[in-house]
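Here are some notes to read alongside the model. Please keep the sequence and the 3D view open while going through them.

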Amino acid sequence: MSDDRNNDFDDFQGFDGSNDFGDLNADGMHFSEEELEAAMAGFEQEFKDAEASKHERADNPPSEAFDSSEASDNAESSESSEVDDMLNAAEDSLKFEDELQGLLGNRAKVAVIITRLTSPRLLSAFCELSDISAQCIGSAQGAVAVLRNLDGDGPEAAVKDMTIVVAGMPAILAVNRADKLEATMYVEGRAGKTFAPPVLFTSTAPFVEDLMLGITDMDALEQADMTIFDSADLDRDAAMSIIAEHTRFGRGTSSIS
């Protein structure tokens, strides 16, 4: 019994091996006032250092934030590239479809209305009044309307409408379908004489033949500074104003130049 009590007593001896318990603190450790003040000063310094480190991190975000921003920019760039790829693929698909329909003859490759008008601006006004979408090009041999609607019998419907709206004005429709060229004169909405392409091209500007054979296109003609007027740029009032500028009246008759 005595040995057990001695062992219990030894468990509570100071760390310095003494049996003096008078200067033990609550944790059973010996501290002088100087040591306690030094320990408290150390704790205060550690607290200040921790606070300073916290503020520094707030003012200077870690590089991961910038990496995240760069990753976001890269992701947006990747998405934008994917959208561009999809649009390009859709555009290529439409071009292929147009070419296929052109080979089958369901869509013309190119179609033009050839006139003897001296002004492509006046021709664009006639196109607007006839609900025809076209780009009109001037030449010494006569103004030419390059049609946009090439589906089905769209070109034939366009020249019929124009020669009905502008009564008394003949026009020739030249169409390339499935690499087969056809040229037909129209008067007052009715088809008349047909022309062999070589005969037609002898009396038209060189660009007409180049367009019909696919040697050139509208983009190339625009870059060559050709005089071009677009019917899409006009409304009915503007078209009527242009026609009035080119119309001469006299004794119940009128003429267009």
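1. Basis. The model is predicted, so to speak of local features a pLDDT of at least 70 is needed and side-chain atom pairs count only at pLDDT 80 or more, while totals for chains, interfaces and linings use all residues. Residues are numbered from 1 along each chain as its sequence is written, and side-chain values use heavy atoms, with hydrogens and water left out.

2. Whole chain. The chain has 9 helices and 9 strands; these are DSSP runs numbered from the N terminus, with helices being H or I of at least four residues and strands being E of at least two. Of its 257 residues, 28% count as buried. Buried means under 20% relative accessible area, exposed means over 50%, and partly exposed lies in between, using a 1.4 Å probe on protein chains only. Among contacts (heavy atoms within 4.5 Å) with a separation of 6 or more, 57% are between residues 24 or more positions apart.

3. Strand β1. Why is β1 described as largely enclosed by the rest of the structure? The reason is that 5 of the 5 residues of β1 are buried. Val 110, Val 112 and Ile 114 are on one side, Ala 111 and Ile 113 are on the other, and both faces are covered.

4. Partners of β1. Two strands pair if DSSP finds at least two bridges between them. β1 pairs with β4 in the antiparallel sense over 5 bridges, and Ala 111 has Val 175 in β4 as its bridge partner. β1 also runs antiparallel to β3, with 3 bridges joining them; here Ile 113 has Ala 145 as its partner.

5. From β4 to β6. β4 and β5 (residues 180–187) run antiparallel and are joined by 7 bridges, with Val 175 opposite Glu 182. Antiparallel pairing is also found between β5 and β6 (residues 190–195), over 4 bridges, and Thr 184 has Thr 194 in β6 as its bridge partner.

6. The two turns. β4 and β5 form a hairpin with 2 residues between them, and Ala 178 in that turn has a positive phi of about 50 degrees. Ala 178 counts as partly exposed because its relative accessibility is 34%. Ala 178 is 69 residues from Lys 109 in sequence, yet their C-alpha atoms are 7.3 Å apart in space. The hairpin of β5 and β6 also has 2 residues between its strands, and in its turn Glu 188 has a positive phi of about 50 degrees.

7. Largest nonpolar core. A nonpolar core is a set of buried Ala, Val, Leu, Ile, Met, Phe, Trp, Tyr and Cys residues joined through side-chain atoms within 4.5 Å. The largest has 30 residues, of which Ile 113, Leu 123, Cys 127, Leu 147 and Met 162 touch the most other members. Elements that give two or more residues to this core include β1 (110–114), α4 (120–129), α5 (154–165) and α9 (236–245). With 6 residues, α4 gives the most to it. Another core, of 18 residues, lies apart from this one and includes Ile 114, Ile 137, Val 146 and Ala 174.

8. Helix α5. Which residues of α5 are buried? They are Gly 154, Pro 155, Glu 156, Ala 158, Val 159, Met 162 and Thr 163. What covers the buried residues includes β1, α4, β3, β4 and β5. Leaving aside neighbours within four places in sequence, Met 162 is in contact with Ile 113, Leu 123, Cys 127, Ser 130, Ile 132 and Met 169.

9. On a 1 Å grid over the protein atoms alone, a cavity is a set of points where a 1.4 Å probe fits but cannot get out; a pocket is an open set with protein on both sides within 12 Å along at least five of seven lines, and lining residues have an atom within 4 Å of a point. The structure holds 1 cavity of 30 Å³ or more. Residues lining the largest cavity include Ile 114, Ser 139, Val 144 and Val 208. The lining of the second largest pocket includes Ile 172, Met 185, Phe 195 and Leu 200, and β4 and α6 (197–201) each supply at least two of its residues.

Definitions and conventions:
Grid points are joined across faces, edges and corners, and a volume is the space filled by probe spheres set on the points.
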